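User: Could you take me through part of this model, starting with the terms you use?

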Amino acid sequence: KDAVGRSEAIDLEAQLFPSDLCTAAQEGNTALIEEALQAGIAVDGADPDGKTALMTAGEAGQAASVRLLLRLGATADLVDVDGWSAAMFAAKENSADCIIDSEFVDGESVIRAVNPAFEATFGYDESEVVGRAIDDVVAPDDRLDEAAKLTEMVRAGDFVQTEVRRQTANGERDFLLRSVPVGEDTIYAVYTDITARRDIEREMEAQNRRLDEFTSVVDRRVA
């Protein structure tokens, strides 16, 4: 009986590979995850790009896979060759914020990937923007110099957080930009849409100006 059990385990191990663990994590197949780990596949095993099953599960939004992998010993703070952790992969796909992953090529920050929130807010499919410079895609013509300066700050290793005006497929909108260098020659940029807030603030400022003008006219008449 023991010999049969060992034979089954050997057969199972021969049939499963680290890529199967990542596929199971991506699909939310917790039973296959457990089988793979029981067969001896390392829970932190990674593909050639350093991407683990936990990173794959986070990117796919598979909460059950994430919980199981963590319970079974997956290391949460590992990073892939680009410096991305499991938490960052999860944020990229599931955040309401617009996220751009880019790398420096010939002095420009070139887009490698965007998340669904970027596609929905900016109105561009990922296939339309990958391979293009960030500033060419989202910076209005009159703000290209400002955008270039911010990019250089991040390239120099600074964390940037500032309010910016950016171009979308449907016109300009206001965003809170948070941009940070991640790994070598990589920028991770997060845009939070604050257009509604800024519209309200601008209207309040306009109302205050009109009130000041009215008050000034009344004061002159009284005088």
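Analyst: Helices (H or I, at least four residues) and strands (E, at least two) are DSSP runs, numbered from the N terminus, and two strands pair if DSSP finds at least two bridges between them. This is a predicted model, in which local features need pLDDT of at least 70, side-chain atom pairs count only at pLDDT 80 or more, and totals for chains, interfaces and linings use all residues. Residues are numbered from 1 along each chain as its sequence is written, while side-chain values use heavy atoms, with hydrogens and water left out.

User: What do strand 3 and strand 4 form?

Analyst: They form a hairpin with two residues between them. Strand 3 (residues 160-168) and strand 4 (residues 171-181) run antiparallel and are joined by nine bridges.

User: And which residue stands opposite Leu176 in strand 5?

Analyst: That is Thr192. Strand 5 (residues 186-193) pairs with strand 4 in the antiparallel sense over seven bridges. Leu176 is also the bridge partner of Glu163.

User: Turning to helix 10, which residues are buried?

Analyst: Ala147, Leu150, Thr151 and Val154 are buried, where buried means under 20% relative accessible area and exposed over 50%, with partly exposed in between (1.4 Å probe, protein chains only).

User: What does the face turned away carry?

Analyst: The exposed residues Asp145 and Lys149.

User: What follows the helix?

Analyst: Gly157, whose phi is positive, near 105°.
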